[in-house]
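Dear colleague,

Please find the structure below, together with its sequence. My notes on it follow directly after.

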Amino acid sequence: IDTNWWKGTSKGRTGLIPSNYVAEQAESIDNPLHEAAKRGNLSWLRECLDNRVGVNGLDKAGSTALYWACHGGHKVRVCWQSTLSFFKCSSFLLSPQNKLGDTALHAAAWKGYADIVQLLLAKGARTDLRNNEKKLALDMATNAACASLLKKKQGTDAVRTLSNAEDYLDDEDSD
């Protein structure tokens, strides 16, 4: 072990680098998975996951990495069928609310990313959650495509709920 050489990883490649190339007071990143998601940096995201960084961790705003991926419009980081294990994690939470009450769905709707709204809805994102301003994701939608997807989903949910209520009301008491 030579102290003049350090092992380092950059852009998915690992190798040795001269120790004098590395500053001893390197900046610490509190939420690396969040930063990777914000930037849409796939290799950094994979590195975080390989190092078992928690997928449901919260930053100071109470947001998850998924929230930031949706806020940034990084579709590939939102899709379960992608090569990322990020969304294959069984303990992954889809609709947590941050300190403002916003979910990933609120963020995608507000930023106008209809493709991400569609992916989140297909995976079961909740449309009934209101943020601190009492707004649903539908209320936050900034374009017609997002609004249409959210209205359609809320409509099917309302029909399902009504159907369940009717089933309940049709039941007769045996008393």
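Gly 73, which follows α3, has a positive phi, near 80 degrees. Helices here are DSSP runs of H or I with at least four residues, strands are runs of E with at least two, and both are numbered from the N terminus. Please note that this is a predicted model, in which local features need pLDDT of at least 70, side-chain atom pairs count only at pLDDT 80 or more, and totals for chains, interfaces and linings use all residues. Residues are numbered from 1 along each chain as its sequence is written, and side-chain values use heavy atoms, with hydrogens and water left out.

Buried means under 20% relative accessible area, exposed means over 50%, and partly exposed lies in between (1.4 Å probe, protein chains only). The buried residues of α3 are Ala 65, Leu 66, Tyr 67, Trp 68, Ala 69, Cys 70 and His 71. Among the elements that cover them are α1, α4 and α5, where contact means heavy atoms within 4.5 Å.

The largest nonpolar core has 30 residues, of which Leu 33, Leu 66, Cys 70, Leu 105, Val 117, Leu 120 and Leu 150 touch the most other members. A nonpolar core is a set of buried Ala, Val, Leu, Ile, Met, Phe, Trp, Tyr and Cys residues joined through side-chain atoms within 4.5 Å. At least two residues of this core come from each of α1 (32–39), α2 (42–50), α3, α4, α5 (114–122) and α7 (144–170). The most is given by α3, with 6 residues. Val 117 is in contact with Leu 105, Ala 108, Ala 109, Cys 146, Leu 149 and Leu 150, leaving aside neighbours within four places in sequence.

Asp 102 deserves a separate paragraph. This residue is found in the loop between α3 (65–72) and α4 (104–111). Asp 102 is buried yet has no salt bridge, and the nearest side chain of opposite charge, Lys 135, is 8.7 Å away. For charge, Lys and Arg count as positive and Asp and Glu as negative, while His and the chain ends are not counted. What does the side chain of Asp 102 make a polar contact with? The partner is the side chain of Asn 131, at 2.9 Å. A polar contact is a pair of N or O atoms within 3.5 Å; within protein, one must be able to donate a hydrogen and the other to accept it, and residues adjacent in sequence count only if both atoms are side-chain atoms. Not counting residues up to four places away in sequence, Asp 102 touches Tyr 67, Pro 96, Gln 97, Asn 131 and Met 140.

A salt bridge is a side-chain nitrogen of Lys or Arg within 4 Å of a carboxyl oxygen of Asp or Glu, and by this rule the count comes to 5. Glu 35 meets Lys 38 in one of them (3.4 Å, N to O) and Arg 39 in another (3.3 Å, N to O). Lys 38 and Glu 35 are separated by about one helical turn because they are 3 residues apart in helix α1. Arg 39 is exposed, with a relative accessible area of 56%, whereas Glu 35 is partly exposed at 21%. A salt bridge also joins Asp 139 and Arg 130 (4.0 Å, N to O). Through shared partners, salt bridges join Glu 35, Lys 38 and Arg 39 into one network.

With kind regards
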